[in-house]
Amino acid sequence: MKMQNLPLEGINTILLDRDGVINKLRHNDYVKTWNEFEFIPGILDLIAELSAEIKHLFIVTNQRGVGKGVMSEEALLNIHGLMLDEILRHGGRIDKIYYCTAVDDNDYFRKPNIGMWETIRLEYPDVQADSTLMIGDSESDMEFAKNCGIIGIKVNNA
């Protein structure tokens, strides 16, 4: 994924999925420890480039492994902290990470439902649907973008 390939005209907010966009997917498994977290090649440079151009960068991620008891929320927060440190070290930034640990697909905060989007809109009133782009790797991410009324870009980093 390259910055010049993204439709960024008029975009001031980008939502990034985590697994499959920032880090490599662990098929039929969850990233449970930092040792299992592997950045997708080029993503740190892309986030650094976007950080210089885009007002808001957020991660929106379903983390069902916590809800299933496969890992603790503390472990998730540790992974996120180390991920953010590495992003910063490479000149990038993430303004906030929104995550949902629910196992129930009908949970308001679980993508493709709009709870995380509504929370972003409450916390950042200047974020508008017509200037927001969602980058994800799944149909659920694209359905989330549609449900939020934002542009969705599907990437394949498998």
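Predicted model: local features only at pLDDT ≥ 70, side-chain atom pairs only at ≥ 80, totals over all residues.
Q: Over how many bridges do β2 and β3 pair?
A: Strands (E, at least two residues) and helices (H or I, at least four) are DSSP runs, numbered from the N terminus. Two strands pair if DSSP finds at least two bridges between them. For β2 and β3, which pair in the parallel sense, the number of bridges is five.

Q: Which strands are the edge strands of the sheet?
A: The open sheet has five strands in the order β3-β2-β1-β4-β5, with parallel pairing. An edge strand here pairs on one side only, and this holds for β3 and β5 (151-154).

Q: What angle does the direction of α4 make with that of β3?
A: Helix α4 packs on the sheet, where it touches β1, β2, β3 and β4; contact means heavy atoms within 4.5 Å. Axes are lines fitted to C-alpha atoms, for helices over the stretch in contact, and angles between N-to-C directions run from 0 to 180 degrees. With β3 the angle is about 150°.

Q: Which residues of α4 are buried?
A: Buried means under 20% relative accessible area (1.4 Å probe, protein chains only). The buried residues of α4 pack against β1, β2, β3, β4 and α5 (139-148). In α4 (residues 115-123) they are Gly115, Met116, Trp117 and Ile120.

Methods. Residues numbered from 1 in each chain as written. Heavy atoms only, no water. Buried < 20%, exposed > 50% of the residue type's maximum accessible area, 1.4 Å probe, protein only.
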